[in-house]
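Good morning. I have one structure to go through today, and I will keep it short.

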Amino acid sequence: MNPFTYERASDPQAALRLGARSGAKYLGGGTNLVDLMRETIEHPVMLVDITGLSCAIEETDDGGLRIGAGVKNTAVAADRRVRERYPLLAEAILAGASAQIRNMATVGGNLLQRTRCGYFYDDAARCNKRAPGSGCDAVDGFNRMHAILGASAACVATHPSDMAVALAALDAVVTVEGRNGLRDIPLVDFHVLPGDTPQTETVLEAGDLITAVTLPPALTCRSVYRKVRDRASYAFALISVAAALDVQDGVVKEVRLALGGVAHKPWRARAAEAALMGGPASEAAYRAAAQAELAPARALRDNAFKIELSQRVMIDTLLKLTALQENRS
Ligand SMILES: Cc1cc2nc3c(=O)[nH]c(=O)nc-3n(C[C@H](O)[C@H](O)[C@H](O)COP(=O)(O)OP(=O)(O)OC[C@H]3O[C@@H](n4cnc5c(N)ncnc54)[C@H](O)[C@@H]3O)c2cc1C
């Protein structure tokens with residue numbers, strides 16, 4: 001591990017002042033950053049400890065919920081308002097990591113956790129994300145976990161967060177404070193595709209501090225988070241689906257779909273949503289929508305199964321949500 005200094009920020013303004021220094025990084029729960037420092041993948045010269053800041057979950061005027069960036073993942077998933085109004089979010093968080101990690105991990109850190117691509121973690125391998133311009137050993141390497149949508153020749157890594165996939169489906173907004181003041185960024189625009197610069201993972205600028213994630217008023221329909229992984233727990237997603245569906249008289253009135261484990265960012269399935277809205281709530285329609293979403297998918301040597309898997313899980317999830325709604329009415 002490289003030498004670094006440590007400062008504890010007493011409030012967000014102090015955090016911003018310290019975070020503006022060259023080589024500084026914010027420290028949330030440390031469950032990703034400290035690992036990366038130990039592996040000598042990240043080399044901050046200063047850690048700005050922001051634990052204890054922005055730790056409230058509050059109602060918003062329009063009936064939504066504002067979750068402070070410092071709230072622990074466990075606390076979000078356990079919050080009664082989240083469980084009742086945004087069960088999709090609670091399910092996604094509980095599908096991730098382990099109880100001990102969720103007890104430490106923060107909302108801000110979860111959004112900014114880095115890829116689990118093995119070549120990114122292996123400093124003997126070529127990785128454009130870790131060492132821009134060095135190449136990508138994943139493209140022709142062992143790439144079973146890697147991206148099928150939105151990848152580039154420079155990078156085929158995926159974003160590992162479960163929580164962020166649910167937030168993408170829920171139209172969440174990330175609040176950020178930085179040099180140029182406060183700004184709100186829709187979660188779907190917060191992470192970026194790799195292109196030629198995979199070292200850039202979000203629209204954040206140096207020193208920016210995430211202060212909150214805001215959820216709009218809750219959907220009135222059923223929702224669910226489905227995660228497919230190699231082990232039943234404590235494993236990252238091969239693929240995941242965050243879905244919400246409202247069917248009235250056999251017609252789709254509202255649908256939200258986002259995919260995890262398929263791209264460099266949480267993947268909002270806009271093509272599938274557009275194909276479904278106002279159409280029949282039938283298996284054939286669900287299949288056509290899933291196919292439309294995955295039409296641009298490109299497989300690497302080891303991950304072609306993810307294309308079929310994503311479609312099947314989307315279709316099955318929509319059918320299950322339809323059945324749940326039929327049973328209720
Ligand atoms: C063994 C293991 C298994 C895991 N499995 C899963 C899984 O299945 N699903 C899943 O989703 N996740 C999983 N995780 C990842 C885990 O969710 C993340 O490590 C955690 O969410 C990161 O949060 P943190 O607060 O500890 O972030 P930190 O490690 O403290 O920080 C991560 C990054 O965010 C930055 N940062 C933190 N807070 C802010 C802020 N407010 N503003 C600006 N920058 C900030 C830091 O500078 C750093 O760059 C796993 C982790 C481990 C170790």
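I will start with the chain as a whole and then turn to one residue.

Please keep in mind that this is a predicted model. The protein chain has 13 helices and 12 strands. Its radius of gyration is 20 Å, close to the 20 Å that the globule rule gives for 329 residues, so the chain is as compact as a globular protein of that length. Along the principal axes, the C-alpha atoms fill a box of roughly 60 × 50 × 35 Å.

Next, burial and contacts. Of the 329 residues, 53% are buried. If we take contacts between residues at least 6 apart in sequence, 63% of them join residues at least 24 apart.

Which helix holds A166? That is α9, which covers residues 163-169. Is A166 buried or exposed? Its relative accessibility is 0%, and the cut-off for buried is under 20%, so A166 counts as buried.

What does A166 touch, leaving aside its neighbours within four places in sequence? The contacts are L88, L89, A92 and A242. There is also a distance to quote for G260, which is 94 residues from A166 along the chain. The C-alpha atoms of these two residues are separated by 8.9 Å.

That is the end of my part.

Methods:
Residues numbered from 1 in each chain as written. Predicted model: local features only at pLDDT ≥ 70, side-chain atom pairs only at ≥ 80, totals over all residues. Heavy atoms only, no water. Helix = DSSP H or I, 4+ residues; strand = E, 2+ residues; numbered from the N terminus. Rg over C-alpha atoms; globule rule 2.2 N^0.38 Å. Buried < 20%, exposed > 50% of the residue type's maximum accessible area, 1.4 Å probe, protein only. Contact = heavy atoms within 4.5 Å.
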